[in-house]
Amino acid sequence: MSELKDLIIDNKDKRFFTPSVYFSARTGICELKGESFLENTKEFYAPLIEWLKRYTTEVKKPIAFIIKLTYYNTSTSRSLLEMFNILKEYQDNGGEVIVNWHYDESDVDMKEDIEDYMIDTGLKINLIPFKPEELEE
Amino acid sequence: MDKELVKNSFDIDQLGLIKQLIPENAKILLEYEGPFSKEIIRLFSLKISEFIKTNSQVYKKFFYVFIELAQNVKEYSDWRSTLEDGKNYGVGALIIGELDDRFILYIGNVVNNKDLEVLKKKCEIINSLDRESLRLFKRQQRNLIPGTNQNAHIGLIMVALTTRKKLDIDIKPIDENHSFFTLKISIQKNFKQTSN
């Protein structure tokens, strides 16, 4: 089987509603940022889910999952759940997992939703509040 | 005229149906009826950032609710239209407006009466739950294997959670098998909630 490659979807042209993805097989740092209001959510997230499955079964090194999503829709939230479940399973089997979720400090709705993911999956997610201007590039 | 171009269309004044529900003193900022394409949704989402500049929490809530509900129209409206890009979009209508104390989004589309019963029931359940139960309900629904309209129903739960209000709906019969379903959303301008 071929070696797991980095998964990069750099949304430089700012396609509508599409997040950027930087998953590094070498460092185990996986970043998901931007907005996710995709219509073909499953199609977009399938390679990410597949990548995580391979990382957690083939590479088996520590993983830092970093989320900087400003907005995500309901169908995205299902794909996020699927990814968290993979990470939780990896952790339960001895994998080293850190999840950091950066959220706008004024966004109480998102904070509540992140807490619900923790209740749902049993995965510890570090809540990292930021001021909106800090994410501007 | 290519018959394939328009499927399942209806001879109704959607905007008229919504307009009669709008409070008299509301200032209308935007009104639209037609297919809910990705471009239209994007365009309106940019407009919303022009309308709501003062309070970022209010903007976030309004923006979020708008996207969820606009995508619901696009996906689940029973009135379908195929555009030049060859894609099939749901047709619906919306009005965005402003009152002294709140912004409003009234958004509606044609629903098949078979689906309407399920939808009504879902709204009733959502409206009967307190916040904690609603969060539990969301988690349960999110864990289900995706089925038809499943996302739409979680979307409604998310709307209730985000607006912190009961779902306010209006249903007008169109013909034997169809109705026009409108959601009346309002978000207070002075919304201020600190993190607990």
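Predicted model: local features only at pLDDT ≥ 70, side-chain atom pairs only at ≥ 80, totals over all residues.
1. Ground rules. Residues are numbered from 1 along each chain as its sequence is written, and chains are lettered from A in the order in which they are written.

2. The interface. The size of an interface is often given as the accessible area lost when the parts come together. Here chain B and chain A bury about 3000 Å² between them. Of that area, 46% is on carbon and sulfur atoms. (Buried area is the accessible area, with a 1.4 Å probe, that two parts lose on being put together, summed over both.) B:Arg42, B:Lys60 and B:Arg142 supply 25% of the area that chain B buries against chain A, more than any other three residues. Chain B brings 36 residues to the contact and chain A brings 28 residues. (Contact means heavy atoms within 4.5 Å.)

3. Helix 3 (residues 108-121) of chain A packs on helix 5 (residues 131-143) of chain B at an angle of about 60°. Their axes are 11 Å apart. (Helices are DSSP runs of H or I, at least four residues, and strands are runs of E, at least two, numbered from the N terminus. Axes are lines fitted to C-alpha atoms, for helices over the stretch in contact, and angles run from 0 to 180 degrees between N-to-C directions.) The two helices are therefore oblique to each other. (Angles under 35 degrees count as roughly parallel, over 145 as roughly antiparallel, 65 to 115 as roughly perpendicular and the rest as oblique.)

4. A helix pair within chain A. Helix 1 (41-59) and helix 2 (residues 74-92) of chain A pack at about 5°, with axes 10 Å apart. They are therefore roughly parallel. Residues of helix 1 in the contact include A:Tyr45, A:Leu48 and A:Leu52, and those of helix 2 include A:Met83, A:Ile86 and A:Tyr90.

5. Positive phi. A:Lys60 has phi near 50°, a positive value in a residue other than glycine. A:Lys60 sits in the loop between helix 1 and strand 4 (63-72) of chain A. A:Lys60 is exposed, at 56% relative accessibility. (Buried means under 20% relative accessible area, exposed over 50%, partly exposed in between, with a 1.4 Å probe and protein chains only.) For B:Arg164, phi is near 55°, again positive in a residue other than glycine. B:Arg164 lies between helix 6 (150-163) and strand 6 (169-173) of chain B, and is partly exposed at 25%.

6. A:Glu105. This residue is in the loop between strand 5 (97-104) and helix 3 of chain A. A:Glu105 is partly exposed, at 39%. Beyond its neighbours within four places in sequence, A:Glu105 contacts A:Pro129, A:Phe130 and A:Lys131.

Key
Heavy atoms only, no water.
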